[in-house]
Amino acid sequence: MPLDTPARIVQELTARGLNADREAVTLIANADDPDHALDRTVEHVPGSALSLTAEDVRAALDTPVSGGSNGSKNQDTQPDTPPEMKGVGAGAQTVATIENDVTGRSTGTGVYDDFVSVFRDRYERLAGLLRSRVNHRPSSAVADMPGGSEAALVGMVTDIRSTANGHWLVEIEDTTGTFPTLVTKDKDIAALVEDLVFDEVVAVEGRLADDAGILFVDDLFLPDVPRTFEPTTADRPVSAALISDIHVGSYEFLDDAWGSFADWLHSEEADRVEYLLIAGDMVEGVGVYPGQDEELAIVDIYEQYESFAEQLKAVPGDLEIVMIPGNHDAVRLAEPQPAFDDELTDIMAAHDARVSGNPSVVTIEGVSVLMYHGVSLDEMIAEIPEASYDEPQVAMTHLLKKRHLAPPFGERTRVAPEDHDYLVIDEVPDVFHAGHVHKLGYGRYHNVTVINSGCWQAQTSFQRRVNIVPDAGYAPIIDLDTLDVTVRKFT
Ligand code: D5M
Ligand code: FE
Ligand code: ZN
C-alpha cells in the first residue's frame, strides 16, 4: 500500500521504531515518491535516533544515494549520555538510584545476530535461576539417552499444543536444540501449562518414553520468586505516590482530578509523600493508533510535553520524581525503551524530575521498585486464563513468576534485540509498579508488593467500543517503611 497519507507515514515510522514531527511527516508526504523518501530518511538517520525532524528529511533527500548496503544506518556515532548523567537532576542531590536502564547502552542494530544474542542472554540468566531445582542436561544429550530414563531439561517454551485427548505437548528449546515433552491432563501441573506463554524459560523433569522420542513430564518449575523472599523497608516513615498514564494532550485528560491530586500533595496529610514515580504515558502522543487525531486536544507532541510540564509544576517542588516512558511517549516503541531524549527532558524540567528507561529499577530509601510501563500485560491478560483487566495485579504476578517482563518475542509487544535482555527480572524487586491497562489493582505475591496504578484519562472512544472502564483519577500511595498501600481518589 503506498504511503499516501500522513497517518500511514506515521504508522510506517512507528513500525520502524521512530517518531516524527509534523513538518517531517508533511515533507515525506509531499515528496514525489513518499515510500522512497521515507526509506531514504530512515537510512540517513543514526540507528540511535528516536525521532525524525524536518532537518533529517531535508538532509536525507539532499544526500546522494550511497553505494553498498552498509550505509550510515546504525552507526552509533554519538552515544547517549550514560544513565547516571541523564536528566535535569544530574548534579543535584538525588536519593533515588536507578539500575537496569537501557538508556545510552543500546547495542541493538536489528540484525539476526542480535536476536540470537538476546535469546541466549535470556536463556542463560533464567536457566541460572532454575539449575538448582532439577538435575538437567542439554536437550542434545537427552536425545541420546535410552528410552525409559529419568531426565530433566531447562529451556524456552517454543510451542504449546493440546492433543486430541486433552494432553499438552510442550516443546522446549535450549542452546543445543529442541525437545518435545508431554504433560498429561491428569497431572496437577496441567493447570500450570495453561499459564505458559511462548519464550518463557522453564524446567521440566520426568521420564523418557520407551522410544526416547518424548519426555513425559512429572514436574514443571518456573523461575519464580522464592516464598522466603523478604523485602527491604525504609527505616523512617516516608511514602511514595505511584502513578502512570496521564495522557496530557487527550481531550479525556482529567485536569481537575490532577489538580486535586497536586493540591493534596501540598496538604499536611501528604507530608510523608516524598517521592513520585510515573510509569509511562505522560502524554497522549501523536500517531499512536489510526484515528487518534480526533481525540487530541493538543496536536503537537512537543506542546503536549510542555502542557505535561505545567501539570508537573503543580506538585510540590521538593518531591523527588522519577519517570519512565510508555507506548504513547515520544521514544522508540520497542522495549526496552530508552529514557526521553534531552530535548523532551528539558521540556519536562520541572522539579528536577529524573528520567529513565522502560523498564528501570529505582531504589528509594532502600526499597527497590521495578518500574515497567506494562504493554505486555495486554498479552498476558489475553493468554492467561485467570488474568483479567479487572485485576491487573494478577497478570503482573505471572510476570514475576516467569521472571520476565514481556516473554513472547515478536508477538504484540515489540521487543528490541539487544545483547542483554533488560526485560529479565534478575533481582526480585521489593515493589513492582506498572500501568498501561488503565486499571487500578494491587496485591502481594511472595512478599513482593504489586501495583498497577490506573490512569488520569477518562474512557476513550476506543475503550468504550471494547468495554474497558478505566480507573481514572486514583493515586496509590505506598508507605516505604511498612509497604502498606492506600489508594486516594481524586475524582
Ligand atoms: O492503553 C490503554 C489500554 O487500552 C491498554 O490496555 C491497551 C488498550 N488499548 C488502547 N488503545 C488500543 C488500541 N487501539 N488497540 C488495542 N488496545 C488498545 P494505552 O497504552 O494507554 O493506549
Ligand atoms: Fe496509557
Ligand atoms: Zn500504555
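Analyst: One definition to begin: two strands pair if DSSP finds at least two bridges between them. Strands (E, at least two residues) and helices (H or I, at least four) are DSSP runs, numbered from the N terminus. This is a predicted model: local features need pLDDT of at least 70, side-chain atom pairs count only at pLDDT 80 or more, and totals for chains, interfaces and linings use all residues. Residues are numbered from 1 along each chain as its sequence is written, while chains are lettered from A and ligands numbered from 1 in the order in which they are written.

User: OK, what is the order of the strands in the open sheet?
Analyst: The order is E12-E11-E10-E9-E18-E19, six strands with mixed pairing. Strand E12 (354-355) and strand E19 (485-489) are the edge strands, each pairing on one side only.

User: How many bridges join E10 to E11?
Analyst: Five bridges join strand E10 (residues 273-279) to strand E11 (residues 320-324), and the two run parallel. Tyr275, for instance, has Glu320 in E11 as its bridge partner.

User: And which strands make the closed barrel?
Analyst: The barrel has five strands, running E4-E5-E6-E8-E7, again with mixed pairing. Its twist averages 55° from one strand to the next. Angles run from 0 to 180 degrees between N-to-C directions, and axes are lines fitted to C-alpha atoms, for helices over the stretch in contact. Strand E6 (residues 177-183) pairs with strand E8 (residues 215-221) in the parallel sense, over two bridges. There, Leu182 has Phe216 in E8 as its bridge partner.

User: Switching to helices. How many helices and strands are there in total?
Analyst: The protein chain has 13 helices and 19 strands.

User: At what angle do H11 and H12 pack?
Analyst: About 95°, with the axes of helix H11 (residues 376-383) and helix H12 (residues 392-402) 9 Å apart. H11 and H12 are therefore roughly perpendicular; that label covers 65 to 115 degrees, with under 35 roughly parallel, over 145 roughly antiparallel and the rest oblique.

User: Which residues meet there?
Analyst: Leu377, Met380 and Ile381 in H11 meet Pro392, Ala395, Met396, His398 and Leu399 in H12. By class, that contact of H11 with H12 has seven nonpolar, one polar and no charged residues. Contact needs C-beta atoms, placed from the backbone, within 7 Å. For the classes, Ala, Val, Leu, Ile, Met, Phe, Trp, Tyr, Cys and Pro count as nonpolar, Asp, Glu, Lys and Arg as charged, and the others, Gly among them, as polar.

User: New topic. Where is Phe253 found?
Analyst: In the loop between strand E9 (239-243) and helix H8 (255-266).

User: Does Phe253 count as buried or exposed?
Analyst: Phe253 counts as buried because it has 25 C-beta neighbours inside 10 Å. The cut-off for buried is 20 or more other C-beta atoms within 10 Å of its own; 12 or fewer is exposed, in between is partly exposed, and C-beta atoms are placed from the backbone. Leaving aside neighbours within four places in sequence, Phe253 is in contact with Ile246, His247, Val248, Trp456 and Gln457.

User: What share of the whole chain is buried?
Analyst: Buried residues make up 45% of the 491 residues.

User: Last one. Which residues are around ligand 1?
Analyst: Among them are Asp245, Asp281, Tyr289, His436 and Phe462. A residue is near a molecule if its C-beta atom, placed from the backbone, lies within 6 Å of it. By class, the shell has four nonpolar, five polar and three charged residues.

Key. Two residues are in contact if their C-beta atoms, placed from the backbone, lie within 7 Å.
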